[in-house]
Amino acid sequence: MSIKEGPEAEVTDVPGWHKVFGRGVREPNDLVGEVRTAVEHGMHDPVDSLEMVSAAVETTGAVVTALSSPWSLYTPQDAATAAAGLFVQLEHQAEALQELGRAVGRIAGRGETVLPAQAGPGQPANLADALAALQSVSQQIRALVAQHAPGTVRALDAAPASAPIPADVHETVVAVAELLTEQHTGTVTLNRRHEDGAFEDPEDGFGCGCGCGCDITLHTAEEEYTFHRGDCAWSIVKDSDGRDLGDGSTVYDAHETLSVSLKTAHPQQLADSVLRIIADDQQEPADFTGGLRSVPTGGS
């Protein structure tokens, strides 16, 4: 049984919906960088092949976990990017099935296994049938992608998006303050540390927080909390945990770092997290072991 090589696609043949994925994911992350480094280094033996298959299994499972989050995607355009990427992944899976068939053909061609004729009616499937199945499934996947990917990605990308996604950290803090003012039962104060329009988005992870930018103070019946950003994270500190150092500065022995770290996260996602943390803390005993987490002295 021969496995035919398909023609290589020209650059001009790349479908338009591929560009949606490229537009949404401009910079590769560290995980992608490691894979690209491995490819550039060269993959020539079974260990390389099985390691890549293992990595693909893990990352595919991780995508399922990531997309299951209630805030996994903010806009239809985010969904368009994800859909385009998954369709591209299906194309690669189709190609991988074809390459697997070719690899088995090469194994047989070297005399390392016997490639029989395909089994007849009523006979159990053999290696030749397996190769035929791989090729058939590959073709089916390609056909499904060609049929559904363009319309699906186009519809998602063209859908109206009204999510109030901020442009920078300052806009995020302001938007969260507005939501908390509406949704928190106590007083909410946006503490502005700079004039309007004077904010410059820093590259060190600090900004609009930690005493060098805007933050938000929330009051409950018995406590005061401050929500801010610092060191590439969103955090909440409690006034009663603060220690005055005598020079006008304060350090906190406990804080809660939000699981959301994106500096332009959806404001409602951040507001939900803040309100949940405060509610949990208010229900905890005095040691706050289940509320704000203890950190080494001097942390904030």
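Is Arg-229 buried or exposed at 6% relative accessibility? Arg-229 counts as buried, because its relative accessibility is 6%, and buried means under 20% relative accessible area, exposed over 50% and partly exposed in between (1.4 Å probe, protein chains only). The structure is a predicted model, in which local features need pLDDT of at least 70, side-chain atom pairs count only at pLDDT 80 or more, and totals for chains, interfaces and linings use all residues. Residues are numbered from 1 along each chain as its sequence is written, and side-chain values use heavy atoms, with hydrogens and water left out.

**Figure 1. The protein as a whole.** The protein has seven helices and eight strands; helices (H or I, at least four residues) and strands (E, at least two) are DSSP runs, numbered from the N terminus. Of its 300 residues, 30% count as buried. Among contacts with a separation of 6 or more, 64% come from residues 24 or more positions apart, a contact being heavy atoms within 4.5 Å. The protein exposes about 18300 Å², of which carbon and sulfur atoms supply 54%; accessible areas come from the Shrake-Rupley method with a 1.4 Å probe, and for residues only the protein chains shown count as cover.

**Figure 2. The surroundings of Arg-229.** Arg-229 belongs to strand 3 (residues 224–230). A polar atom of the Arg-229 side chain lies 2.9 Å from the backbone oxygen of Ser-261.

**Figure 3. Helix 2 and its two ends.** Helix 2 (residues 30–41) has 12 residues and reaches 16 Å from its first C-alpha to its last, close to the 16 Å expected at 1.5 Å a residue; the expected span is 1.5 Å times one less than the number of residues. Of these 12 residues the number buried is zero, so helix 2 lies largely in the open. At its start, a side-chain oxygen of Asn-29 comes to within 3.1 Å of the backbone nitrogen of Leu-31. After helix 2 comes Gly-42, which has a positive phi near 110°.

**Figure 4. Aromatic pairs.** Rings of Phe, Tyr and Trp (its six-membered ring) pair if their centres lie within 6.5 Å; planes under 30 degrees apart count as stacked, over 60 as edge-to-face and the rest as tilted. By this rule there are three aromatic pairs. One of them is edge-to-face, because the rings of Trp-71 and Tyr-74 have centres 6.2 Å apart and planes at 80°. Trp-71 counts as partly exposed, at 27% relative accessibility. The rings of Phe-227 and Trp-234 have centres 5.3 Å apart and planes at 15°, so this pair is stacked. Phe-227 and Trp-234 are both buried.

**Figure 5. Salt bridges.** A salt bridge is a side-chain nitrogen of Lys or Arg within 4 Å of a carboxyl oxygen of Asp or Glu, and by this rule the count is four. One of them joins Arg-23 to Asp-157, with the closest N and O atoms 2.6 Å apart. Arg-23 lies in helix 1 (residues 16–24) and Asp-157 in helix 5 (residues 127–158), so the pair ties together parts that are 134 residues apart in sequence. Arg-23 counts as partly exposed at 38% relative accessibility, and Asp-157 counts as partly exposed at 24%. Another salt bridge is formed by Asp-281 and Lys-238, whose closest N and O atoms are 3.1 Å apart. This pair links distant parts of the chain, with Asp-281 in helix 7 (residues 267–283) and Lys-238 in strand 4 (residues 233–238), 43 residues apart. Asp-281 and Lys-238 are both buried.

Key
A polar contact is a pair of N or O atoms within 3.5 Å; within protein, one must be able to donate a hydrogen and the other to accept it, and residues adjacent in sequence count only if both atoms are side-chain atoms.
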